[in-house]
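Hi,

Please find the structure below. My notes follow it.

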Amino acid sequence: MSIVTETVTYEYNGKAFAGHLAYDDAISGKRPMVTVSHAWSGRSPFEDDKAVEMAKLGYVGFAIDAYGAGVLGTTQEEREGYMNPLLGDRAELLGRLRAGIAAGSAHAMTDSDRVAAIGYCFGGLCVLDLARSGDALRGVVSLHGLFKPPPGPANAITARVLVLHGWNDPMATPDAV
């Protein structure tokens with residue numbers, strides 16, 4: 001097993017984004033992709049490591065970027081400054097997520113018909129938005145995700161959805177569940 005990693009750049013609405021893609025080059029042919037959506041800080045080594053873990057399991061792992069290439073919040077104010085505008089413009093957020101998935105799906109190692117998504121915290125909200133949009137994902141897993149749905153009606157959810165959430169989480173209270 002030899003895990004190969006690549007930076008995959010893509011664009012949405014004139015803004016540059018950079019994802020971290022990983023795959024095992026000992027496996028021949030295309031394989032399913034698991035995208036990893038980041039927490040409120042932005043794409044970090046945590047999400048990149050999760051993409052590598054997916055590659056070790058035989059998938060293409062792809063840590064997508066919702067904030068922009070190299071954007072990483074280090075203080076609460078910075079994190080809120082990056083996340084809150086996207087919470088207020090869920091169409092923009094969904095467009096950025098879809099652009100990331102399209103970029104990873106276009107990779108030569110990816111079977112674009114077998115794509116799933118996982119996300120942590122803000123990323124959990126992101127993958128739930130992807131499921132609510134009716135996008136053709138096989139499944140989504142939200143870990144410690146935020147639950148506030150976007151405005152307007154949801155399309156038919158086609159993805160399998162798993163939500164892993166602590167009951168006493170102050171960011172998503174039992175009422176939100």
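Start with Glu-92. Glu-92 has 17% relative accessibility, so it counts as buried (under 20% relative accessible area; over 50% is exposed, in between partly exposed; 1.4 Å probe, protein chains only). Glu-92 sits in helix α3, residues 90-105 (helices are DSSP runs of H or I, at least four residues, numbered from the N terminus).

A caveat: this is a predicted model, where local features need pLDDT of at least 70, side-chain atom pairs count only at pLDDT 80 or more, and totals for chains, interfaces and linings use all residues. Numbering starts from 1 along each chain as its sequence is written, and side-chain values use heavy atoms, without hydrogens and water.

Next, α2 against α3. Helix α2 (residues 76-88) packs on α3 at about 110°, with the axes 5 Å apart (axes are lines fitted to C-alpha atoms over the stretch in contact; angles run from 0 to 180 degrees between N-to-C directions). The two are therefore roughly perpendicular (65 to 115 degrees). Leu-86, Leu-87 and Gly-88 of α2 meet Arg-90, Glu-92, Leu-93 and Arg-96 of α3.

Then α3 against α4. The axes of α3 and helix α4 (residues 122-132) come within 10 Å and cross at roughly 85°. α3 and α4 are therefore roughly perpendicular too. The α3 side includes Leu-93, Leu-97 and Ile-101; the α4 side includes Phe-122, Leu-125 and Leu-130.

Best wishes

Technical notes. Angles under 35 degrees count as roughly parallel, over 145 as roughly antiparallel, 65 to 115 as roughly perpendicular and the rest as oblique. Contact means heavy atoms within 4.5 Å.
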